[in-house]
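Student: I have a model open and would like to go through it. Can you take my questions as they come?

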Amino acid sequence: MTAEVLMPLLAGVPLLLGLAGLLLPPGDGGRDGRRRAATVGVAGAALALLITVVLLVVVAEPVGVTHRWATFGDLPVTLGFSLGKAELYVALAVTVVALFVQIYSVTYLHDDPRYAPYAAQVSLFTGAMLLVVSADDLILLLVGWEVMGACSYLLIGHDRRLPEAPAAAVKAFVVTRVGDVGFLLGIAWLGVSAGSFRISDVLADSGVPTVALLLVLAGVAGKSAQFPLHTWLPDAMAGPTPISALIHAATMVAAGVYVVFRLFPLFAQSPAALAVLGVMASITLLLGALAATAQDDLKRVLAWSTVSQIGYMTGALAVGAPAAALFHLLTHAAFKALLFLAAGAVIHAVGTNLMSRMGGLRTSMPVTFWSFVVGLGALAGVPPLAGFWSKENVLVAAAHATEGEGPAPVWVGWVVWLAALTGVAITAWYATRLLLRTFFGHPRSRDDRWSLGFDDAFYEESADPVPHDPPGLMRWPVVLLGIPAVLLGLAAFLPGFRSALELDQPHLEVSILLPMALLVLGASSAWWLWQAAPGVDPAKALGRLRPWFAAGFRLDDLQNRLIVRPVRALAQGVRLTDERVVDAAVEGTGTSATRLGTVLEAAHRAALPRAAVAVFTGALLLGVVAAIYGAAS
Amino acid sequence: MIAPTDVSSALQILLLATLALPVVGALVVALMPARLDRGARIVATAFAAVTFVVAALLALPTTRDFGWFDYGGTGAPPVAPWAEVDLAWVPALGIDFHVGVDGISYPLVVLTGLLTLLCCGYTVWKVPAGGSGRTLAALLLVLEAGILGTFLALDLVLFFVFFEVVLLPMYAVIAGWGGPERRRAARKFVLYTLFGSVLLLLGVFTVVAAAGTGDLLALAGGYGLSRTTQCVAFALFAVAFAVKAPLWPLHTWLPDAHTEAPTVGSVILAGVLLKMGTYGLIRVGVGVAPEGAAWAAPVLGILAAAAIIAGSLVCLRQTELKRLIAYSSVGHMGFVLLGIATLTVTGVQAALIGNVAHGVITGLLFFLAGAIKDRAHTGDLAGLGGLRESAPRLAGLLGFAAIASLGLPGLAGFWGEAFAVVAAVERGGPLWITLAVVAAVGGALTATYFLRLLRRVTHGPATGAVTGIPGVAPAEWLAWSPLILLTLVVGLVPALVLAAGADPVAALTGALR
């Protein structure tokens with residue numbers, strides 16, 4: 001009973017509070033205005049967290065509630081919600097991260113005059129993700145899915161001082177929307193095929209064609225930043241840093257993985273769809289990791305690492321291990337939120353995103369430093385931090401698939417396994433590089449060229465020349481997120497958690513040695529490069545590949561050349577056709593009618609003699625015709 | 001307890017009042033002296049308000065258990081309205097004054113009442129340059145009468161008469177209160193749509209001559225007309241309504257008319273006038289000539305998909321604010337027509353809700369575009385920019401309307417577009433799947449051009465044109481907030497529009513199965 005009431009509220013409360021927040025004055029409402037906006041924002045996330053916790057306590061078996069929403073022909077659309085333990089763990093991750101982001105933002109945006117709509121949009125964003133998590137109807141899920149896209153657009157474009165922000169926002173929405181073309185068609189297909197959009201009905205449908213699943217995957221690729229639709233994510237760094245934390249950790253990019261998890265029974269029936277997913281995942285995993293090695297922008301390293309880590313999740317799905325994917329999603333949410341919020345603290349303190357302007361921050365920002373150590377360690381998969389256990393799970397699942405277990409073809413298992421192993425070494429390499437470049441070595445002094453790059457935290461022209469740890473409201477979320485980043489992996493030893501996710505028992509066998517060796521290899525080579533030439537970027541060792549990696553393999557250019565420019569040219573062509581052919585034909589009818597009228601009018605304008613002749617000729621002609629007609633009949 | 005007969009006679013009075021009130025109002029307002037101009041506009045608003053309330057009350061029978069739909073029984077009309085009035089008009093020719101309301105027309109009737117009310121209220125606050133305010137208000141009421149009559153008519157000839165009544169007042173509104181190029185635009189509008197009307201007239205007489213009656217209830221389902229007659233009639237109807245809707249490539253009157261029309265003219269034009277085309281296609285085209293509709297459906301579907309893509313692509317390179325929104329209508333009506341072309345219940349229902357949603361959202365968009373143009377004195381996208389710096393509320397509303405218009409789920413625009421695609425998938429087969437894909441791609445393009453619009457107008461540093469412009473006035477809030485609310489409400493509770501239409505639509509398309 002409690003659950004049935006609370007399930008719709010889980011998404012409903014933050015959505016309603018978000019809408020209410022949008023009604024608050026957008027300008028700088030003074031201290032009171034800010035406080036009201038902050039209260040509404042934090043309350044939305046906090047209430048959602050509370051509801052999640054209550055639901056976790058009361059819900060033992062998966063529960064559902066369904067109301068009729070609309071009917072199109074024979075196709076019912078329902079307002080249906082269903083939540084099991086696994087879904088609730090995702091909701092927990094979402095709400096915890098959202099709450100911390102809201103609290104953190106109060107300080108981070110303390111002098112932003114457009115804070116009120118920002119906080120409201122974060123609430124809407126959270127609510128939309130919770131809708132995706134709790135929806136038991138594909139159309140309802142699509143609502144959350146797209147509202148999230150719109151909120152990401154608004155939030156990425158939030159910063160008025162960044163000329164690149166509006167373009168990045170548009171790119172994020174449009175690229176994901178391109179994926180959503182497939183998603184909508186896929187949903188339509190699934191719904192029509194099952195005669196209902198309820199997920200439980202769709203899952204029960206046996207005759208789902210592979211093409212529908214591939215269409216759904218297009219949407220997943222857009223939302224979860226999978227190759228080739230990953231290009232929006234690095235640019236999305238133009239958003240304020242807390243937004244990056246929200247997008248990367250628990251919402252948006254997690255949504256795609258979550259949808260495949262939800263629909264996994266369908267994917268398990270289609271080896272072809274899994275193969276496509278596996279190839280996509282492996283490319284994304286390596287591409288993201290390699291691109292991360294050469295970035296100078298702190299946030300961009302983290303952004304590319306997200307691309308790569310999502311690749312691990314989709315890889316796990318591709319080899320038939322949805323539990324491992326979800327486990328990695330949860331640990332990733334913890335350590336990536338930690339990393340982004342800590343990165344925000346760094347940027348806040350030094351006033352730039354560029355690592356080449358950082359260094360030696362270890363002594364002046366000890367809390368942030370240790371947060372980074374934990375976060376990067378978890379990212380790289382250092383035991384016993386969270387990322388180690390979840391990544392281990394993915395690797396084991398892939399290794400199993402290479403032996404022909406599970407629904408995926410054997411070769412997909414091999415591709416994912418090899419990519420994941422390679423990824424371990426590269427991840428360790430760039431994580432080490434980030435840590436060394438930012439926190440070790442000598443502090444670099446500020447100069448005039450300081451404020452270049454994505455300086456989204458340029459709020460304070462701090463008179464204080466020494467960077468320092470952030471104030472309490474920003475520090476505590478970071479510190480608290482450190483706890484799951486360290487311990488969440490150990491949850492795999494809790495039988496309750498394992499059974500909820502249907503996760504395998506962690507096995508520390510010999511197979512663990514290979515990734516460990518690769519981890520050490522990656523980390524130590526980065527360290528060796530760094531200490532061999534102090535002050536020089538280890539990425540220099542990449543040589544001529546470096547600009548290539550830094551530009552994300554120039555896929556942006558490719559996308560520009562193959563899609564954006566042709567579409568633009570086509571649009572120009574269509575516009576001209578519309579004006580010069582379609583409309584000109586219409587206008588032409590008008591002008592030629594007028595011209596014809598002028599000619600006829602001129603012909604009728606005649607002096608009396610000619611007119612008289614014309615009349616008599618006409619009469620004569622008519623008479624002749626009449627005579628002939630009369631004679632003939 | 002009220003007896004059913006009392007209810008139905010009360011409804012008949014309401015029905016006639018819906019049509020008579022705007023006419024009376026227009027006369028009263030037009031006869032008021034010039035010195036009472038503002039008073040006349042207030043009187044017009046009052047008449048519009050009463051008409052709106054009366055129109056809204058027409059839904060009363062649905063609230064009780066009323067046998068307003070009849071499946072069984074031979075000879076019973078397949079589409080039974082909730083309320084109808086049938087008076088002999090020209091008995092010699094078998095033409096009746098037959099009006100009625102059912103689930104298909106009701107949402108559009110209410111929408112017409114609402115938009116006219118908002119527009120009349122808007123003229124109380126602001127009269128565009130060009131003529132007296134009370135004349136404009138009177139013309140709006142005449143327009144309302146014509147549009148309501150079109151939606152309520154249940155006789156083919158009557159339908160045609162009302163369809164034509166709308167033309168001249170709209171011409172006068174554009175030519176009298178429009179922008180610098182108003183005369184040319186108004187002439188183009190009236191001539192182009194007259195061309196459509198000629199075909200409609202031909203179609204009407206083809207049907208009336210063949211069937212011997214103009215009663216739409218009797219004709220619904222084909223009335224045993226021969227296949228050839230149906231095909232000819234449908235072709236004539238389709239072209240006539242395609243001009244009005246408008247369907248690509250018969251759309252070129254629309255951008256000119258919208259760019260030049262005053263704000264209230266654009267709102268009525270986009271909000272309800274275009275709907276006469278799509279409504280006519282459902283009620284008259286599909287209803288009277290179902291076999292013809294089935295015959296022409298693939299062509300209609302292909303043109304609709306072409307309209308979606310062409311409209312979006314033109315918008316992508318458009319540089320004028322109102323022109324862009326006008327072209328976006330071409331794309332949106334493409335979705336509506338695609339829904340109709342599938343000839344499935346899903347598709348026609350999607351078309352109905354798409355109609356209403358487009359009326360609400362595009363009405364709002366034109367209000368906003370008008371407000372921006374009036375303030376900045378330019379509609380050129382290159383000259384606008386940074387609106388959110390100088391007028392954050394206005395920019396926020398534009399953002400809301402644009403996001404609604406690009407079909408964000410949870411807002412009104414989503415249902416019509418998504419389910420037009422679903423209906424095409426449901427229809428199946430290579431052609432319709434392709435059309436579904438094309439339409440879905442058009443959805444992505446729609447997002448692209450609306451975001452381009454927002455990026456140009458709201459983001460970036462404030463340009464000279466938008467610096468120091470006034471914020472949203474209370475009268476504007478009053479005119480806009482119903483549309484904002486409806487966008488949200490129809491998005492969240494689509495059943496409001498859909499529920500009553502389900503059975504009549506099933507009856508209309510039932511003739512095809």
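This is a predicted model: local features need pLDDT of at least 70, side-chain atom pairs count only at pLDDT 80 or more; totals for chains, interfaces and linings use all residues.

Student: Okay, chain B. How many helices and strands are there in it?

Tutor: Chain B has 22 helices and 2 strands.

Student: And what radius of gyration does chain B have, against that of a compact globule?

Tutor: Chain B has 22 Å. For 513 residues a compact globule would be near 24 Å, so the two agree. Along the principal axes, the C-alpha atoms of chain B fill a box of roughly 70 × 60 × 45 Å.

Student: What share of the residues of chain B count as buried?

Tutor: The buried share is 65% of the 513 residues of chain B. As for contacts in chain B with a separation of 6 or more, 81% of them come from residues 24 or more positions apart.

Student: Give me one helix in detail. Which residues of helix 7 of chain B are buried?

Tutor: Helix 7 of chain B covers residues 167-177, and its buried residues are B:Pro169, B:Met170, B:Tyr171, B:Val173, B:Ile174, B:Ala175 and B:Trp177.

Student: Switching to the interface. How many residues of chain B are in contact with chain A?

Tutor: On the chain B side there are 44 residues, in contact with 37 residues of chain A. Several helices of chain B each supply at least two residues to that side, among them helix 8, helix 13 (290-316) and helix 15 (345-376).

Student: Which helix gives the most?

Tutor: Helix 19 of chain B does, with 10 residues. By class, the side of chain B that touches chain A has 29 nonpolar, 10 polar and 5 charged residues.

Student: Now chain A. Where does UniProt place a domain?

Tutor: An unreviewed UniProt entry puts "domain: NADH:quinone oxidoreductase/Mrp antiporter transmembrane" at residues 135-400 of chain A. Over that stretch the chain is 77% helix and 0% strand, with the end C-alpha atoms 32 Å apart.

Student: How do helix 3 and helix 10 of chain A pack, parallel or antiparallel?

Tutor: Their angle is about 170° and their axes are 9 Å apart. Angles over 145 degrees count as roughly antiparallel, so helix 3 and helix 10 of chain A are roughly antiparallel to each other.

Student: Which residues make that contact?

Tutor: Helix 3 of chain A contributes residues including A:Val97, A:Val101 and A:Tyr108, while helix 10 of chain A contributes residues including A:Pro242 and A:Leu246. By class, the contact has 9 nonpolar, 2 polar and no charged residues.

Technical notes
Residues are numbered from 1 along each chain as its sequence is written. Chains are lettered from A and ligands numbered from 1 in the order in which they are written. UniProt positions are given in the numbering used here, feature names are shortened, and annotations may be inferred rather than shown by experiment. Helices (H or I, at least four residues) and strands (E, at least two) are DSSP runs, numbered from the N terminus. A residue is buried if 20 or more other C-beta atoms lie within 10 Å of its own, exposed if 12 or fewer, and partly exposed in between; C-beta atoms are placed from the backbone. The radius of gyration is taken over C-alpha atoms; the globule rule is 2.2 Å times the number of residues to the power 0.38. Two residues are in contact if their C-beta atoms, placed from the backbone, lie within 7 Å. Ala, Val, Leu, Ile, Met, Phe, Trp, Tyr, Cys and Pro count as nonpolar, Asp, Glu, Lys and Arg as charged, and the others, Gly among them, as polar. Axes are lines fitted to C-alpha atoms, for helices over the stretch in contact, and angles run from 0 to 180 degrees between N-to-C directions. Angles under 35 degrees count as roughly parallel, over 145 as roughly antiparallel, 65 to 115 as roughly perpendicular and the rest as oblique.
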